[in-house]
Amino acid sequence: MMGLGSAIGAGLFLGSGVGIATAGPAILISYVMAGIIVVFVMRMLGEMGAAVPASGSFSHYARIGIGDWAGFVMGWLYWFLLIMVLGAEITGASAIVTGWLPDVPQWTVALVFVVFFAVINLAKVSNFGEFEFWFAAIKVAVIVGFLVIGILLVFGLLPDTEPVGTTNLLGNGGFIPEGFAGIAAGLLVVAFAFGGIEIVTIAAAESKDPERSIGIAVRSVVWRISVFYIGSILIMVLVLPWNSADLASGPFVAVLNQAHLPYVAGFMELVVVIALLSAFNAQVYGTSRMAYSLSRRGDGPAFMTYISKAGVPLYAVLLSVFFGLVSVFLNWWLPDQLLTILLNAVGSALLFIWVFIIVSHLRLRPRLEREGKLYLRMWLFPWLSYLTLAMLGGFVVLMLTDSDARAQLFSTTVLFLIICALGFLNRRFRRSPATV
């Protein structure tokens, strides 16, 4: 449920509208391509997570599979990614609430949310888990309801509706109105949308039976995410024209408005807010645990390893909350542009992280097999692992055909090199690290 809670947030409820506006109905191709890659990457990550549970998850696997430098770079790159996602979630939620309360500034709403979830994350881990479970359950139930209503709309089975056919899917410039460059541009948004599911392996280190928990989570979460995302997008591009302004601003509400059901659209706005806040809550958890794990092995400041009486890494959580407050400042400074900036800033970072996960898996799998630790196995090893790596290479080539995507890849590469340089300096000057 934490994996679902983290992944079903701004990427689906808000980013899907951005993706459709970018690529048209062909955004489905982007989602299918990214979905296949995510299924394979999560299977590899699940195999390593079940065999070697660690709060640093894939950062730890990169360290033991590739080298210390890889663990440092991957951990802090993922931390940066989640900080950006955290800002996107709180921005999306506060923007919607400001629409209900026009006299209240957006930054004020964001500040209230950040303070509230700071308290939640500083409480006992069990309380956080319970809170996140019910938030995720609400989101899942609503998406299932959305899919049911959407199917009824497509076939004209609701009062005052007609079957939509393929008019919106193939009209308005065709299925690929923006060409392959549009698909490439949409891939950044799609990559962001699937981000967050990795948190299941981070949370495994704090579960009672991590080997079993990881296996169950990876098997179930991946296909559910795929159905929810691809199913929801298909409904959207069937029911409304891809260039509809309503789709771009609020895709779920725009579709439900076509059903002419009283109060449904308003209820959906409330659910979207809950979904975004749930994802924000999960990102605070993920960033704090990653910072804690990195610091435990000497890749971060020692004070981040402090554990409070409630059993949470106090200063690591406070660091995440601090950046939540930074997003509040940005909400005051750039209230209209902030969400788009954050959505674009994180997509390509996931590509680097997925590559590290695959390479770590290729290096660790033979060792784990010799040690008899494989509780969950990647299919057709090593061929599907190499195929996934090749698909990511094709992913990058396709993105290079679009100017915006090229800019994001360049920015992420610069960030990657900066973190590499910091990792080199850290290795030269740090003391002997603690054991993770």
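Analyst: Let's start with a word we'll need throughout: contact means heavy atoms within 4.5 Å. Keep in mind that this is a predicted model. With that cut-off, residues 24 or more positions apart account for 80% of the contacts in the protein with a separation of 6 or more.

User: What does the secondary structure of the protein come to?

Analyst: There are 19 helices and 0 strands. As for burial, 57% of the 436 residues in the protein are buried.

User: Why does Ser320 count as buried?

Analyst: Buried means under 20% relative accessible area. Ser320 has a relative accessibility of 1%, so it counts as buried. You'll find Ser320 in helix H16, which covers residues 314-333.

User: What makes the link between the side chains of Ser320 and Thr287 a polar contact?

Analyst: The cut-off for a pair of N or O atoms is 3.5 Å, and one of them must be able to donate a hydrogen and the other to accept it. The side chains of Ser320 and Thr287 are joined at 2.6 Å, and that is a polar contact. Leaving aside neighbours within four places in sequence, Ser320 is in contact with Thr287 and also with Ile83, Leu86, Val284 and Ser288.

User: How do you know that H5 and H6 are roughly antiparallel to each other?

Analyst: Go by the angle. Over 145 degrees counts as roughly antiparallel. The axes of helix H5 (residues 58-65) and helix H6 (residues 68-100) cross at roughly 165 degrees and come within 6 Å. The two are therefore roughly antiparallel to each other. The crossing of H5 past H6 is right-handed. On the H5 side, Phe58, Ser59, Ala62 and Arg63 make the contact, and on the H6 side Asp68, Ala70, Gly71, Met74, Gly75 and Tyr78 do. By class, that gives 5 nonpolar, 3 polar and 2 charged residues.

User: Why is the pair H4 and H18 called oblique?

Analyst: Helix H4 (residues 27-51) and helix H18 (residues 383-399) pack at about 140 degrees, with their axes 10 Å apart. Roughly perpendicular runs from 65 to 115 degrees and roughly antiparallel needs over 145. H4 and H18 are therefore oblique to each other. Their crossing is left-handed. From H4, Met33, Ile36, Ile37, Phe40, Val41 and Met44 meet Leu384, Ser385, Thr388, Met391, Leu392, Phe395 and Leu398 of H18. This contact has 11 nonpolar residues, 2 polar ones and no charged ones.

User: And what makes H6 oblique to H19?

Analyst: H6 packs with helix H19 (residues 403-429) at an angle of about 130 degrees, and the axes are 9 Å apart. That angle makes H6 oblique to H19. H6 passes H19 in a right-handed crossing. H6 brings Asp68, Trp69, Phe72, Val73, Trp76, Leu77 and Phe80, while H19 brings Leu415, Phe416, Ile419, Cys420, Leu422, Gly423, Asn426 and Arg427. Sorted by class, the contact has 11 nonpolar, 2 polar and 2 charged residues.

User: One last thing: which residues of helix H3 are buried?

Analyst: In H3 (residues 15-23), they are Gly15, Ser16, Gly17, Gly19, Ile20 and Ala23. Just after H3 comes Gly24, with a positive phi of about 75 degrees.

Note on methods. Residues are numbered from 1 along each chain as its sequence is written. This is a predicted model: local features need pLDDT of at least 70, side-chain atom pairs count only at pLDDT 80 or more; totals for chains, interfaces and linings use all residues. Side-chain values use heavy atoms; hydrogens and water are left out. Helices (H or I, at least four residues) and strands (E, at least two) are DSSP runs, numbered from the N terminus. Buried means under 20% relative accessible area, exposed over 50%, partly exposed in between (1.4 Å probe, protein chains only). Axes are lines fitted to C-alpha atoms, for helices over the stretch in contact, and angles run from 0 to 180 degrees between N-to-C directions. Angles under 35 degrees count as roughly parallel, over 145 as roughly antiparallel, 65 to 115 as roughly perpendicular and the rest as oblique. A crossing is left-handed if the near helix is turned anticlockwise from the far one by less than a right angle, and right-handed if clockwise. Ala, Val, Leu, Ile, Met, Phe, Trp, Tyr, Cys and Pro count as nonpolar, Asp, Glu, Lys and Arg as charged, and the others, Gly among them, as polar.
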